[in-house]
Amino acid sequence: MLDGRGRKVVLEAPPQRIVSGSLASDEILLALFASSGQSGRLAAVSSLADDPRYSNVVAAAKTVKGRFGEGLETALALKPDLAVLASFNKPETIDRLEKAQVRCFVLGGFTTLDEIAANVTALGELTQLKKDAGALNAVFAKARMAAWAGAVRLPRRPKVLGYLGDAAGNGALTLAARGSLFDALIEEAGGENLASSLGLTGWPTVSAEVLAGLAPDVVVTGGDGTPEALRQTLQNAPGWKAMKSLARAKMIVVPDRELGATSPYVASALTKISQGLAQEIAPGLSP
């Protein structure tokens with residue numbers, strides 16, 4: 001198979017001692033192995049799998065003893081026959097694994113929902129669990145179909161901004177624009193990402209004046225607080241506090257582990273955003 005780097009990865013037999021070096025591969029592999037009853041093939045997951053702020057698989061990760069962190073010695077001691085990493089893993093980590101004669105498969109992009117589905121398919125082929133991967137993608141596709149159906153019924157596209165700052169307002173001027181997974185979620189839910197409409201890409205930082213001049217119908221953020229707490233934070237954040245439409249904008253708060261997921265678990269974020277947009281723009285419609 002070709003991995004996300006375009007490199008050929010050849011396996012003589014289905015891997016039996018897999019180490020996962022990213023939360024994305026943790027979540028996908030744990031789902032595939034749980035479905036197939038072959039969890040013993042996963043020798044290690046990333047250390048982030050245990051963090052409830054970002055991980056959707058905290059309970060499932062407890063069934064795996066090994067952890068793949070910054071130090072590779074622990075992972076290498078497990079004698080893995082395959083390491084699954086992501087494009088955002090450090091290049092030197094991949095280099096060290098390959099120099100230690102560990103086969104590495106690097107997943108590709110994570111900025112669209114199609115790319116996430118493609119990663120599921122790739123790991124299903126790599127582990128020879130194609131049926132389980134197909135079933136996982138079918139559930140993912142069902143959530144996407146529901147969002148598409150909701151988007152078609154909206155009388156207009158609500159204007160959306162993502163708040164990437166913290167509770168103290170730090171990072172308030174950073175936006176998620178075109179080319180981000182957040183942008184893909186908003187588009188699929190039927191919204192207009194105002195950061196992308198400005199012609200911005202990636203995660204740019206804008207001036208307080210530019211931000212204050214925007215007029216979102218909806219603000220989406222990660223976290224576990226209430227919409228009221230989010231509004232209070234924004235009323236004290238640079239740029240946001242001068243935004244005239246802020247008082248009437250709808251606030252949608254999605255847990256960080258869902259909004260930031262780069263696996264099919266991001267479907268939960270898509271559903272929450274889709275339902276929130278429907279309630280804002282067409283409250284008489286069923287989600």
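Me: Two strands pair if DSSP finds at least two bridges between them. In this predicted model, which residue of S9 is the bridge partner of Val-218?
Reply: Strand S8 covers residues 218–222, and its pairing with S9 is parallel, running over 5 bridges. Along this pairing, Val-219 faces Met-251 of S9, while the partner that Val-218 has in S9 is Lys-250.

Me: In what order do the 4 strands of the open sheet that holds S8 and S9 lie?
Reply: The edges of this sheet are strand S7 (192–193) and strand S9 (250–254), each of which pairs on one side only. Strand S8 pairs with S9 over 5 bridges and with S6 over 4 bridges, in the parallel sense, and Gly-162 has Val-220 of S8 as its bridge partner. Taken across the sheet, with parallel pairing, the order is S7-S6-S8-S9.

Me: How many of the 5 residues of S8 are buried?
Reply: A residue is called buried when its relative accessible area is under 20%. Strand S8 is mostly covered, and among its 5 residues the number that are buried is 4.

Me: At about what angle to S9 does helix H10 run?
Reply: Two helices can be described against this sheet, and one of them, helix H12 (residues 266–281), touches S6, S8 and S9 with a direction that makes about 165° with that of S9. Helix H10 (residues 227–234) lies across strand S6 (159–163), S8 and S9, and its angle to S9 is about 110°.

Me: Is Thr-233 buried or exposed?
Reply: Thr-233 has its place in helix H10. Once the neighbours within four places in sequence are left aside, Thr-233 is in contact with Tyr-163, Asp-166, Ala-167 and Gly-169. Its relative accessibility is 16%, and because the cut-off lies at 20%, Thr-233 counts as buried.

Me: Are H6 and H12 roughly parallel or roughly antiparallel to each other?
Reply: The axes of helix H6 (residues 130–153) and H12 come within 9 Å, and they cross at roughly 15° in a left-handed crossing. Angles under 35 degrees count as roughly parallel, and the two helices, H6 and H12, are therefore roughly parallel.

Me: How many of the residues in the contact of H6 with H12 are nonpolar?
Reply: On the side of H6 the contact is made by Phe-140, Ala-143, Arg-144 and Ala-147, and on the side of H12 by Val-266, Ala-267, Leu-270, Thr-271 and Ser-274. Of these residues, 2 are polar and 1 is charged, while the number of nonpolar ones is 6.

Me: What is the order of the 5 strands that form an open sheet?
Reply: The edge strands here are strand S3 (66–68) and strand S5 (104–106), each pairing on one side only, and the twist from one strand to the next averages 20°. Strand S1 (residues 18–20) and strand S4 (residues 82–85) run parallel and are joined by 3 bridges, with Ser-20 standing opposite Val-84 in S4. The pairing of the sheet is parallel, and the order of its strands is S3-S2-S1-S4-S5.

Me: Which helix packs on the sheet and touches S1, strand S2 and S4?
Reply: The helix in question covers residues 23–36, and its direction makes about 145° with that of S2 (42–46). The helix that touches S1, S2 and S4 is H1.

Key
Residues numbered from 1 in each chain as written. Predicted model: local features only at pLDDT ≥ 70, side-chain atom pairs only at ≥ 80, totals over all residues. Heavy atoms only, no water. Contact = heavy atoms within 4.5 Å. Axes fitted to C-alpha atoms, helices over the stretch in contact; angles between N-to-C directions. Parallel < 35°, antiparallel > 145°, perpendicular 65-115°, else oblique. Left-handed = near helix turned anticlockwise from the far one by under 90°. Nonpolar A, V, L, I, M, F, W, Y, C, P; charged D, E, K, R; others polar. Buried < 20%, exposed > 50% of the residue type's maximum accessible area, 1.4 Å probe, protein only.
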